[in-house]
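Subject: Handover of a structure

Hello,

Please find the structure below, with the sequence it belongs to. My notes on it follow.

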Amino acid sequence: MSSRINALDPSQTRSWLGRTLHYLLRDKAGAFGLVLFLFVVLSAVFAPYVAPHSPLQQDLHSSRMPPAWHEGGDWEHPLGTDNLGRDMLSRIIYGSRVSLTVGFFGVLISMSLGLVLGAIAGYLGGRVDAVIMAIANLFLAIPYLLLVVVVAAILGRSLINVILIFGLTNAPLFVRITRGEVFRIRKSGYVESAVSIGAGRARILGHHILPNLIGPMVTVATFEMSGMIFYEAGLGFLGLSVPPGVPSWGNMLAHGRQYITFSPWLAAFPGLAIVVTSLGMNLLGDWLRDVLDPKLRRTAS
Amino acid sequence: MSEPFVRVENLKQHFPITRGVVFSKQVGAIKAVDDVSFEIYPGETLGLVGESGCGKSTTGRSILRLYEPTDGRVTIDGTEVTALDDEALRAFRPRMQMVFQDSYSSLNPRHSVAKIISEPLVIQGTRDQRKLRDRVAELLELVGLEADHMRRFPHEFSGGQRQRIGIARALSLNPQFIVCDEPISALDVSIQAQVVNLLKSLQRELGLTYLFIAHDLSMVRHISDRVAVMYLGKLAEFGRYDRIFSRPLHPYTQSLMSAVPIPVPEVEKKRQQILLSGDVPSPAKPPPGCVFHTRCPFAAERCRAEVPQQEEVEPDHFVACHMVNDPTVGPQITQRAGHIVEEVKAASGTGPDRQFTPARDVGNR
Amino acid sequence: MEPVLDVRDLAVQFETVEGTLHAVNGVSFRLRRGETLGIVGESGSGKSVSMMSLLRLIPEPPGKIHRGRALFYDAAETVDLLSLSNRRIGFLRGNRIGYIFQDPMSSLNPLLTVGIQIRESIERHTRLSGTQAKQRAIELLELVGIPSAAQRYGNYPHQFSGGMRQRVMIAIAISCDPAILIADEPTTALDVTVQAQILALVRRLTQELGISVIWISHDLGVIASLADRVLVMYGGTVVERGDVEELFTSPRHPYTVGLLGALPKLQGGEEQLVNIRGTPPSLFSSPTQCPFEPRCPWAFARCKTERPPEFFAGTGRVYLGGTESASTTQDTAESPEQEADEPFVAHRAACFHDLDRDQERDPSEPPAPAQGADKAAEAAGIGAPPSARGSASTDPPPAHTDSRQPSRLTGDRTGAEEL
Amino acid sequence: MQRYLFSRVIQSLALILGVLVLVFFLVRLTGDPARLMAPRDASPERVEQIREQYGFDRPIMVQLTEYLSHAARGDFGTSYHYRAPASELIVTRLPATLELALAALAFAVVVAVPLGILGGSNPGTVMDTLARGVGLIGQTVPNFWLALMLIVIFAVDLGWFPSFGRDGPRSLVLPAVALGFFPLGQFVRLTRSAVLEVRSADYVRTAYSKGLSTRIIYLRHIFRNVSITLVSIIGVQFGYMLGGSIYIESIFAWPGIGRMINEAVQNRDFILVQGIAVFSAGFVVVIQLLTDVAYALIDPRIRYEE
């Protein structure tokens, strides 16, 4: 009996989730990415318990202390202090909250917008599709960073604004991807067969198109979240993100830049935090793409 | 004979070719199906045969209104399908079903077999989980799979098994008419026979009417009661299978039949095949007159100018060719038909000396 | 007639994440000068892999030629294709051995003109100058039947139809007058009328040029129309081989028998198609039994424990009208050296059935468990092989009496009696 | 080919027109562009003055028509801060940015393409791991941070290159590396995966079956097909670099457009910002058009489109 079951699937796990986990554990890079990502998320969530000091607590006596392993360093401040004597490690831990909040809600907004508009464009086609795509392509024509900087300068510094900026400027990308996927799925054999058994539009969207969109969406969302974390720091670096008092990686970088010659660690550590977060998410994203992209997996097997 | 179960009248399916920078406009049309008419009688199989791009799959989809036909009328069991509005069409869908060629893509990879097979039932209103499960189990056994396969996913099955799942889904609503769109062409020879035998026995048991689309002439002969030969969006020849296979009169049918290699070396090596010259013209720019005239050895002036209509050359045998009844060329065509059939018949006396035990059940247990 | 290629015990494996895939498992065959050898098999039977590994075209890794030899008797020298250096096998490819692939749509580089793609083969292997090579390429295009070849020379592949592209592929493969042409299902992707054109072309070309051909196909009709001899492959092994007429009329291996019965006939009656139940074998485990056993209606205990070697079968007709001498041999032809001495085209099948048929009738022998309870009744009667008919009186009469049965085939086979 | 080119040019023009309108409305996003442009501590009278000066008090359609008709003549208004025409300012700053972008692109291509090819043609080897690693790092290191770290190491500690200014080839090195690092990662990844894909294509197998040498197969068959992929993303990367130059030019005090954007934003000089945005988008659209032409030149399937 078992010989008649296709031998190509080694896992023998039946459910989709089970297979996914199976593939994750087999891919070391993906698993490592997941660990890094969880590490950042957990430290952001539990910042008050993890951080050794308050991120705002100033101590002008010990300003710009080097990291602990350097001469003049102290394990009281493992990563040193800034010019106001605030603990770098604590500020980095708290800073991750801004980055992750912007990344998470930014992606949430842009993905929701993108899903709705992209699904409409891809499913209805015709004139609606033409209009939606024309607008999306307009946004995509302007260099992304430039667009973000301009909009940020117009809207002014606040967390909500930053989230909105990323949510809105990134939506066209999601629109384009969703539309392409919906288009592809709509032409697929299983949607055609659903039509042939009398499935209505709602059912086709809900049972066939949306579930098959999850894979590509999750993958793109991972990369875009990493991108937003990146660009939020960039905006902070230009002084266009959250208000200057808030500990964020971008603000810390902008601040550290002034002391770059004498106290390079002030800029180095927030940047490293970005690199670690981004690395984790990219590894995770690569892995997700490999696992969730049915086209890729089929050729691999 | 009884009333036709399916009646297709002057069916046209044209796909627009658009071009444009900002606003697209139609600059032409691909005439995938162009004025095709035929009937299928209750409980019989119509084999629709032709080469790639001839419009046979499109015909099947237009009949089921998976494409909106450009023109023409399709009537199934007295209901004019082409006149139904969306709501009525959905309600009518259970009575006409389709088995798809690509069993990999026509089954949603995220859905379990149970979900796939029960989906039509759910759409048509069955909510009782137990009833659904029982019906799925029953259907799986009907197509030769096991009831506990329902928990698995399509990728866990081989091509032949997936095709069985597709058949089970098509059967779940007790349809009367099934369009089989090249259901076996992606399968290995030994698996093809399994699926074809299954389709045949299901037809006997359930009294189904089939439109069987294929490019394999031998398979069409094997399974069909009537045969329609299609070329470039039009029917070349149509009629009862024994009529067509004992006297193929359309020059295209002749070349098709002559081109099929016969697995009997003595015969095959001595055969004089009719080789067609050139390629199939593009359906976007079909030749005027008879679409086959560019490759037809018998083509005359008339064929270039005038579209031939179906003519009944003998009872239940229609040919769309100007030359068949031509006093000078007609006999040549008939003679060629005789020659081709003779060559093929030469093979019928021989065959393997051993018999393989036919599996008696429809499944593969 | 002398051989041009002698393949012995070829085995090819692929390392995959799921384990080792035994794609080809000890394939031996011989190709004689000027003949066309057909190789039949379904997907996964190893037919393409074994041919590609002869020219070492399988990607390594994950592929690996595990063992075997492939002696190529070229005009000047004899070489083992499998142990040549990369440089020397490169010299043979496209020069002495031409290859045509299955999918003409993807086998030509879309960015280069067909002319360049033909020319680069000529320029690699001959000393023709640029203009001469171009001239030759145009001649080749004419030879394979491409109208207005000189103009088409500068066209790109996407401007050709599938059949025309396959003609270009043929032109490339024969551009340097090869000794061997390997055609890997070249007509599978084509329509039947186009296939007829291509078959006619290849038949004409190989006759004119005296090329030995290996033609791979899953279509028995194509093999019947082209081949002089046939190998039937299943699960990475050769299960049956023989002269084409004999193999098609007196198939010995249950798989071949089933395959022929599974084909619908353009001419036949209303018979039901033969079901070969089950699915093709998994190749992940190295077989220690007959690969066809799980699907075979005639299988018995021995088929599960041992891999059947190739036994002589059928009438033992010797190719090209030789003597009928081989029929008394029940040699298993285990060693390749021994094979070399055998008459060229003995009909052989890798199946125990004819030898051990008495064992099958033994009531104490339980039916193979995989086949379920109703199998026992089946094994007792229906489908008894014709070689058993009339020789053993204890046999129940066969359920299907085929009036077309040529009588010459029963009783000819003497190997079984000697057991 | 001509039809293809024609349609692409029309599309590009339509896109630029659309961008003009989009930017026009972006600047009016908060509803009161006059307040946006005025200094933070400006008196209401001053704001009112600005409103009149720039005609923000007129109906919006009138403003739009005038803006478009001026733009058609290459007039993007007068910079509030520099007191000079925006288009003139952009043109003066353009050479520096182009120099930097081209240097960054050259750096990225020269390093990435060989690395991607070596990695893709030897999957699983050390070279491949290196290629994948570089591809990953390129995507994860923010260029503004990289720029700072490069200054710390190569300008401050080692003193090999100047840490700011545009003063000869040596001053170009650090900004170009910082700006080109992200495209570099992209190019490596794409080249590698394109090589991986192309080398297992059927036509490459055909080339092997003809007995061609590996060198010829790579040169004639693989690279040509890989280059299609590369050409098609260079336009995208150029757009990215125009944005990235905002950081890099500011950090290295490079007198280009990117730095000017930063200054204009800090000075709330939105006439200039508007001009640069339109100009950059137009620039990217033109680059995209050029890459499409290059694409068509390489790929006959587009050139001979029926």
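How many bridges join strand 10 of chain C to strand 12 of chain C? Two bridges join strand 10 (residues 237–243) to strand 12 (residues 348–349), and these strands of chain C run antiparallel. Strands (E, at least two residues) and helices (H or I, at least four) are DSSP runs, numbered from the N terminus; two strands pair if DSSP finds at least two bridges between them.

Some conventions before the rest. This is a predicted model, in which local features need pLDDT of at least 70 and side-chain atom pairs count only at pLDDT 80 or more, whereas totals for chains, interfaces and linings use all residues. Residues are numbered from 1 along each chain as its sequence is written, chains are lettered from A and ligands numbered from 1 in the order in which they are written, and side-chain values use heavy atoms, with hydrogens and water left out.

Chain C

Glu240(C) stands opposite Ala349(C) in strand 12 of chain C. The sheet in chain C is open, has eight strands in the order 6-7-8-3-9-10-12-11, and its pairing is mixed. Its edges are strand 6 (97–100) and strand 11 (311–312) of chain C; each has a single partner strand, so one side of each is left without a neighbour in the sheet. Helix 6 (residues 162–173) of chain C lies across strand 6 and strand 7 (180–184) of chain C, at about 170° to strand 6. Such angles run from 0 to 180 degrees between N-to-C directions, and the axes are lines fitted to C-alpha atoms, for helices over the stretch in contact. Contact means heavy atoms within 4.5 Å.

Gln197(C) is part of helix 7 (residues 192–209) of chain C. Why does Gln197(C) count as buried? Gln197(C) counts as buried because its relative accessibility is 9%; buried means under 20% relative accessible area, exposed over 50%, and partly exposed in between (1.4 Å probe, protein chains only). Not counting residues up to four places away in sequence, Gln197(C) touches Leu275(B), Leu276(B), Ser277(B), Gly278(B), Arg295(B) and Arg167(C).

Chain B

In chain B, four strands form an open sheet in the order 2-1-4-5, with antiparallel pairing. Strand 2 (25–40) and strand 5 (79–80) of chain B are the edge strands, each pairing on one side only. Helix 1 (residues 56–63) of chain B packs on the sheet and touches strand 1, strand 2 and strand 4 of chain B; the direction of helix 1 makes about 110° with that of strand 1.

Strand 1 (residues 6–19) of chain B is joined to strand 4 (residues 71–76) of chain B by five bridges, and the two run antiparallel. In strand 4 of chain B, Asp71(B) is the bridge partner of Lys12(B) and Thr75(B) is that of Arg7(B). Strand 1 of chain B is also joined to strand 2 of chain B, by 12 bridges, again antiparallel. Gln26(B), in strand 2 of chain B, is the bridge partner of Thr18(B).

Helix 3 (residues 113–123) of chain B is mostly covered, with nine of its 11 residues buried. Among them are Val113(B), Ile117(B), Glu119(B) and Leu121(B). The cover includes helix 9 (201–237) of chain A, together with helix 4 (129–142) and helix 5 (159–171) of chain B.

Chain A

Asp74(A) lies in the loop between helix 3 (47–50) and helix 4 (88–124) of chain A. Is Asp74(A) buried or partly exposed? With a relative accessible area of 37%, Asp74(A) is partly exposed. Apart from neighbours within four places in sequence, Asp74(A) is in contact with Met65(A) and Ala68(A). The C-alpha atoms of Asp74(A) and Glu232(A) are separated by 31 Å, and the two residues are 158 residues apart along the chain.

Chain D

Chain D has 13 helices and zero strands. The C-alpha atoms of chain D fill a box of roughly 80 × 60 × 30 Å, taken along the principal axes. Of the 306 residues in chain D, 55% are buried. Among contacts in chain D between residues at least 6 apart in sequence, 73% join residues at least 24 apart.

Regards
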